[in-house]
Amino acid sequence: WIAMDNWTYSKSFQLDESVVKASKVWLLCHGIDTVANISVNGHVVGMTNNQHRKYYFDIKNAVQSGSNTVVVAFESAATYSIRQARNYPYPVYGGTS
């Protein structure tokens, strides 16, 4: 049942004014399993669909001085892959149920 559910992870973090004033503020995501939407302070900053790579998101426009919150909303990789398989013009094993 775990693989069929969606999951959400959130974490609060602090930034000081010097970071917020930088020309870019990067969020590095490494090893996110697999399909996820990433938001910072309620602003969607990126999406992932492959666990085996690093993602860099510029979160400059989403952060503020002081307290911030990042949320990673994971979609079930199993249900995502079934949905994707249905879009192919040919049959994919396990993609029709």
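Where is the place of Glu-17? Glu-17 is in helix 1, which covers residues 17-20.

**Ground rules**

This is a predicted model, where local features need pLDDT of at least 70, side-chain atom pairs count only at pLDDT 80 or more, and totals for chains, interfaces and linings use all residues. Residues are numbered from 1 along each chain as its sequence is written, and side-chain values use heavy atoms, with hydrogens and water left out.

**Glu-17**

Helices (H or I, at least four residues) and strands (E, at least two) are DSSP runs, numbered from the N terminus. Glu-17 has a relative accessible area of 39%, so it's partly exposed; buried means under 20%, exposed over 50%, and partly exposed in between (1.4 Å probe, protein chains only). Its C-alpha atom is separated by 28 Å from that of Ile-32, 15 residues apart along the chain.

**Asn-68**

Asn-68 counts as buried because its relative accessibility is 0%.

The side chain of Asn-68 makes a polar contact of 2.6 Å with the side chain of Asn-41. That term means a pair of N or O atoms within 3.5 Å; within protein, one must be able to donate a hydrogen and the other to accept it, and residues adjacent in sequence count only if both atoms are side-chain atoms. The Asn-68 side chain also reaches the backbone oxygen of Gly-66, at 3.0 Å.

**Ala-73**

Ala-73 sits in strand 6 too, and with a relative accessible area of 32% Ala-73 is partly exposed. Leaving out residues up to four places away in sequence, Ala-73 touches Trp-7, Thr-8, Val-35, Ala-36 and Asn-37 (contact means heavy atoms within 4.5 Å).
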